[in-house]
Amino acid sequence: MRHYDLVVLGAGSGNMLLNDELAHLRTAVVEPDRFGGTCLNRGCIPTKMLVAAADAATGARAAARLGVNATVENIDWKAIRDRVFDRIDPLHDSALQYRRRHGVDVYTEEARFVAPKVLQVGSERISADTILVAVGSRPVVPDIAGLDTVPHHTSDTIMRIDEVPASMVIIGGGFIAAEFSHIFGALGSEITIVHRGPRLLTAEDEQVSARFTELAADRHRVLLNSTATSVTRHADGVAVHLTGPGGEQVVSAAALLVSVGRRPNTDRLDCAAGGLDLDEHGHIRIDGACRTSVPGVWAVGDVANHYQLKHMANAEVRVMRHNMLHPDDVRNLRTTIAPHAVFTDPQIASIGLTEQDARAGGIPYLVSVRDYADAAYGWALEDTTSFVKILADPAERTLLGAHIIGPQAGTLIQPLIQAMTLGQTVDQIARDVLYIHPAATEVVEQALLAL
Ligand SMILES: Cc1cc2nc3c(=O)[nH]c(=O)nc-3n(C[C@H](O)[C@H](O)[C@H](O)COP(=O)(O)OP(=O)(O)OC[C@H]3O[C@@H](n4cnc5c(N)ncnc54)[C@H](O)[C@@H]3O)c2cc1C
Ligand SMILES: NC(=O)c1ccc[n+]([C@@H]2O[C@H](COP(=O)([O-])OP(=O)(O)OC[C@H]3O[C@@H](n4cnc5c(N)ncnc54)[C@H](O)[C@@H]3O)[C@@H](O)[C@H]2O)c1
């Protein structure tokens, strides 16, 4: 049995662990699929590259409100798709070869534990003093009658299709439904969203989720409080049978995208044999320092946390590397402040408590909502629907949460993330800082000044 100082399971975020500080270790990486993992190959990066194309089409169509009468004459899907994957696909080989050239053993089959700190990888058995488990998550395939007999996509496959389907049913109303309805809607598909909840992006602040649902319903057919019960194949595609407020209904489309969440890949790892404790959702239990129940075995990313966000996985890798190298100075991740953005149209970004969280938790709060339309930047865009919402602690005057729906929300929220992380008060960030006129940040400034 070959023994290593360090074995990394999964070359998504796990691959980022290996830097010069660890170059002296005898190291192996196990990656049965592609280096770069979900984010690079089938997640954050290709989606955002497709969103850029969708934004261009949407922007052109909406330009008439500014007096620019443009039309989108032709969507060249193959050019759009190939721009994305011609850039991404070569990276796997170069990353794998780079590791091998630098003395790292790369195994290309799935690993599973056979004992604590002992792994079976294909026909080989390996062990290590330190193991990082970063095997990620995969799309949930829901238990809908007929789904296994009908062609359907998840986010793993939909981005590589050969043609934009004339129509698409999307089951689910979360991040992926929001981003892909924008992408394929803008590129020519007629979209139907089938969502079991009362609003899209239900976990967002209620006001943001309600606004997004209204705007999505202007662009797509949005069926709320609706549960898909079965799917069948027909000559031109698929039919989704559902029950909703109006009783039973059937919606048909050329393509079906299923986006009802992701599950951790622990079921393929035999965590019990490895001695790793799991939580009730199948994630590996870790503490704030990314330690598992087995000393020397660490876990990061979607397999261990519930955020399922790349910047959280990256932050965990940094904490884990520090803790592995400095056992006498163990650091914890600050998990209470986890921002996210949804790259749909309009963009949405959020950090901290929503208003419904604050209400439900009996947490006292001040709230301020400012429309983009109140600031010069909003006038420039002729914006009528976007806003910044900020919640603050009435006694401490620090931020409790911030929620933005509108152009560049993912960027606009950054000063609020910074202020919240650094514990600055609303007054400090409203009054002690200059805001560039007439940038979109003036909407944030105005929301802060009103608190
Ligand atoms: C469509 C989509 C869009 C997204 N967009 C964003 C975004 O805009 N922003 C954001 O922050 N997050 C986004 N995410 C989430 C983000 O991609 C994930 O949170 C992140 O990639 C998780 O990283 P990870 O290293 O935990 O897992 P992964 O990147 O999935 O890496 C895990 C690796 O482990 C390998 N593996 C699996 N089983 C084994 C095994 N038994 N042995 C060895 N290796 C194994 C897998 O092949 C994989 O390469 C998106 C996700 C999706 C699906
Ligand atoms: N911009 C980003 O950061 C980004 C973008 C895409 C994906 N992601 C990550 O990927 C994860 C997965 O995205 P997602 O949209 O699949 O999940 P999600 O958790 O965002 O949304 C899942 C949706 O499916 C619904 N649902 C769950 N089970 C269902 C069932 N059996 N039948 C019908 N509906 C059901 C839920 O009510 C929810 O609306 C996200 O949680 C997110 O962390 C992030």
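This is a predicted model: local features need pLDDT of at least 70, side-chain atom pairs count only at pLDDT 80 or more; totals for chains, interfaces and linings use all residues.
An oxygen atom of ligand 2 sits 2.8 Å from a polar backbone atom of isoleucine 176, which is a polar contact in the sense used here (a pair of N or O atoms within 3.5 Å; within protein, one must be able to donate a hydrogen and the other to accept it, and residues adjacent in sequence count only if both atoms are side-chain atoms). A nitrogen atom of ligand 2 is also 2.8 Å from an N or O atom in the side chain of glutamate 179.

Residues are numbered from 1 along each chain as its sequence is written, chains are lettered from A and ligands numbered from 1 in the order in which they are written, and side-chain values use heavy atoms, with hydrogens and water left out. The protein chain averages a pLDDT of 97, and 100% of the residues score at least 70; pLDDT is the predictor's confidence in each residue, from 0 to 100. The model scores ipTM 0.98 and pTM 0.98.

**Around the two ligands**

How many residues surround ligand 2? There are 19, and the closest are Ile176, Glu179, Gly261, Gln308 and Ala341; a residue counts if one of its heavy atoms lies within 4 Å. Helix H5 (residues 175-186) gives the largest share of this shell, 3 residues. Helices (H or I, at least four residues) and strands (E, at least two) are DSSP runs, numbered from the N terminus. Domain 1 (2-139 + 263-325) and domain 2 (147-260) both contribute to the shell, so ligand 2 lies between them; the domain bounds come from an automatic or database domain assignment.

Ligand 1 has 33 residues around it, the closest being Ser13, Glu31, Thr38, Lys48 and Lys310.

| Residue | Its atom | Distance to an oxygen atom of ligand 1 |
|---|---|---|
| Serine 13 | side-chain N or O | 2.7 Å |
| Leucine 309 | backbone N or O | 3.2 Å |
| Histidine 311 | side-chain N or O | 3.4 Å |

Taken alone, ligand 1 exposes 1,000 Å², and the protein buries 93% of that. Helix H1 (37-42), helix H2 (44-62) and helix H8 (310-325) are the elements giving two or more residues to its shell, and H1 gives the most, with 4 residues.

Strands S11 (residues 227-234) and S12 (residues 237-244) run antiparallel and are joined by 7 bridges; two strands pair if DSSP finds at least two bridges between them. S11 and S12 form a hairpin with 2 residues between them.

Most residues other than glycine have a negative phi, and most peptide bonds are trans. Leucine 201, not a glycine, has a positive phi of about 45°; its place is in the loop between strand S9 (190-194) and helix H6 (206-219). A cis peptide bond joins aspartate 345 and proline 346, with omega about 0°, and proline 346 is in the loop between strand S17 (340-342) and strand S18 (348-352). The peptide bond from histidine 437 to proline 438 is cis too, with omega near -5°.

How values were computed:
Accessible areas come from the Shrake-Rupley method with a 1.4 Å probe; for residues, only the protein chains shown count as cover.
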